Structures are given as C-alpha cells and as structure tokens.
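Please look over the sequence and the model shown below before turning to the notes. They are grouped by topic.

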Amino acid sequence: MRALFPGSFDPVTQGHQDVLRRAALLFDEVVVCVMFNSNKTGRFPIAERLDQLRAAATGLSNVTIDSHTGGLLVDYCRRVGIDVVIRGVRNVHDLDYEMPMAHMNHELAGVETFFIAADPAHAHISSTLVTAMSRQALGSCPER
C-alpha cells in the first residue's frame with residue numbers, strides 16, 4: 001500500500017523525520033510531498049525543502065520525495081493513485097485542525113487519513129518554533 005505524507009516542511013523537523021521513519025515501516029511506499037499552504041509564508045525555497053527531505057529519507061528505500069504546489073491534496077492523490085494520507089499529530093489541537101481536512105479528503109476522493117502520534121520527545125517541536133529559534137539565534141550572533 002502506498003501512502004502520502006504531505007506538508008509544507010518549512011523547515012523539516014525531527015518530528016517530521018520521526019513520523020517519516022515510522023510510516024516507512026508501516027507502508028510499502030511513502031511519498032513525501034511538499035505542498036503549498038496558503039496559511040503559511042514560505043521561509044525556505046521548495047528546492048531546499050526537497051533537499052532537506054531527501055536527506056531525512058536517507059536509508060529509507062521505500063520513500064520518494066515530490067512536490068505539488070498547485071491544486072488540492074486530493075488532486076495529487078488521484079493523479080498518482082494514492083488512497084492514504086499520513087498526518088503526524090502532536091496534541092489535541094493538531095487533531096482538531098486535521099479532522100475536518102481528513103473528513104473532506106474522504107468525502108471528495110475516498111482518501112483515508114492515518115494519524116501517527118508524535119513521539120513525546122518531539123511533540124513540542126514545530127516548524128514555526130524551529131524558525132523562531134533560528135531567527136533569534138542568528139539575531140543574537142555578533143557580526144564578523
């Protein structure tokens with residue numbers, strides 16, 4: 001069975017890597033796909049995110065990396081013949097956010113959503129937090 005692990009991956013975090021490794025053990029093939037999220041401002045170019053994902057997938061022979069920045073997730077699923085979407089959830093807020101989308105994907109295209117609970121060691125990590133920490137660290141470094 002093939003599964004899609006979509007996200008903005010801006011940037012790729014340890015949490016993303018953990019969900020990817022665990023999904024690769026459960027499915028025959030996992031397609032990790034950089035998607036466009038209109039609610040987020042892109043920080044890293046898509047090409048850089050794809051490179052980060054390729055590095056994260058090193059050693060996972062059943063993982064492929066792709067991008068889809070035009071159209072809905074279900075459009076991509078239909079085009080490549082995928083019926084399962086993987087979503088990592090850190091807490092009930094993530095689940096509250098993900099459930100309406102899971103229902104809509106199922107209603108529109110019969111796509112099922114498979115939730116993977118975050119490893120507690122990574123549950124506090126988000127792309128937004130990683131970016132904020134990076135900006136703070138770079139802002140506090142003296143110029144050379």
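## Briefing on the predicted model

Phe9 counts as buried because its relative accessibility is 1%, where buried means under 20% relative accessible area, exposed over 50% and partly exposed in between, computed with a 1.4 Å probe on protein chains only. This is a predicted model, in which local features need pLDDT of at least 70 and side-chain atom pairs count only at pLDDT 80 or more, whereas totals for chains, interfaces and linings use all residues. Residues are numbered from 1 along each chain as its sequence is written, and side-chain values use heavy atoms, with hydrogens and water left out.

**Overall architecture**

- The protein chain has five helices and five strands, where helices (H or I, at least four residues) and strands (E, at least two) are DSSP runs numbered from the N terminus.
- Along the sequence, these elements follow the pattern β-α-β-α-β-α-β-α-β-α.
- Of the 144 residues of the protein chain, 38% count as buried.
- Among contacts between residues at least 6 apart in sequence, 80% join residues at least 24 apart, a contact being heavy atoms within 4.5 Å.

**The loop between strand 1 and helix 1**

- Phe9 lies in the loop between strand 1 and helix 1, and its phi is near 45°, a positive value in a residue other than glycine.
- A cis peptide bond, with omega about 5°, joins Asp10 and Pro11, and Pro11 is found in the loop between strand 1 (2-7) and helix 1 (14-26).

**Positions annotated in UniProt**

- For "binding site", UniProt lists Ser8, Lys40, Leu73 and Arg87 in an unreviewed entry; the positions are given in the numbering used here, feature names are shortened, and annotations may be inferred rather than shown by experiment.
- Not counting residues up to four places away in sequence, Ser8 touches Val34, Met35, Lys40 and Arg49.
- Leu73 lies in helix 3 and is buried, with a relative accessible area of 17%.
- With residues up to four places away in sequence again not counted, Leu73 touches Leu4, Pro6, Met35, Val85 and Asn105.

**Packing of helix 3 and helix 4**

- Helix 3 (residues 73-80) and helix 4 (residues 92-109) pack at an angle of about 45°, with their axes 10 Å apart; axes are lines fitted to C-alpha atoms, for helices over the stretch in contact, and angles run from 0 to 180 degrees between N-to-C directions.
- That angle makes helix 3 oblique to helix 4, given that angles under 35 degrees count as roughly parallel, over 145 as roughly antiparallel, 65 to 115 as roughly perpendicular and the rest as oblique.
- Helix 3 passes helix 4 in a right-handed crossing, a crossing being right-handed if the near helix is turned clockwise from the far one by less than a right angle, and left-handed if anticlockwise.
- Leu73, Val74 and Arg78 of helix 3 make the contact with Asn105, Leu108 and Ala109 of helix 4.
- By class, the contact of helix 3 with helix 4 has four nonpolar, one polar and one charged residues, where Ala, Val, Leu, Ile, Met, Phe, Trp, Tyr, Cys and Pro count as nonpolar, Asp, Glu, Lys and Arg as charged, and the others, Gly among them, as polar.

- Val31, placed in strand 2 (residues 29-35), counts as buried at 3% relative accessibility.
- Val31 and Ala3 are 28 residues apart in sequence and 6.2 Å apart in space, C-alpha to C-alpha.
- The residues that Val31 touches, not counting those up to four places away in sequence, include Ala3, Phe5, Asp66, Tyr76 and Ile82.
- Val19, in helix 1, is buried, with a relative accessible area of 5%.
- The C-alpha atoms of Val19 and Ile86, 67 residues apart along the chain, are separated by 8.6 Å, and Val19 touches Phe5, Ile86, Gly88 and Ile116, not counting residues up to four places away in sequence.
- Phe114, in strand 5 (residues 112-117), is partly exposed, with a relative accessible area of 34%.
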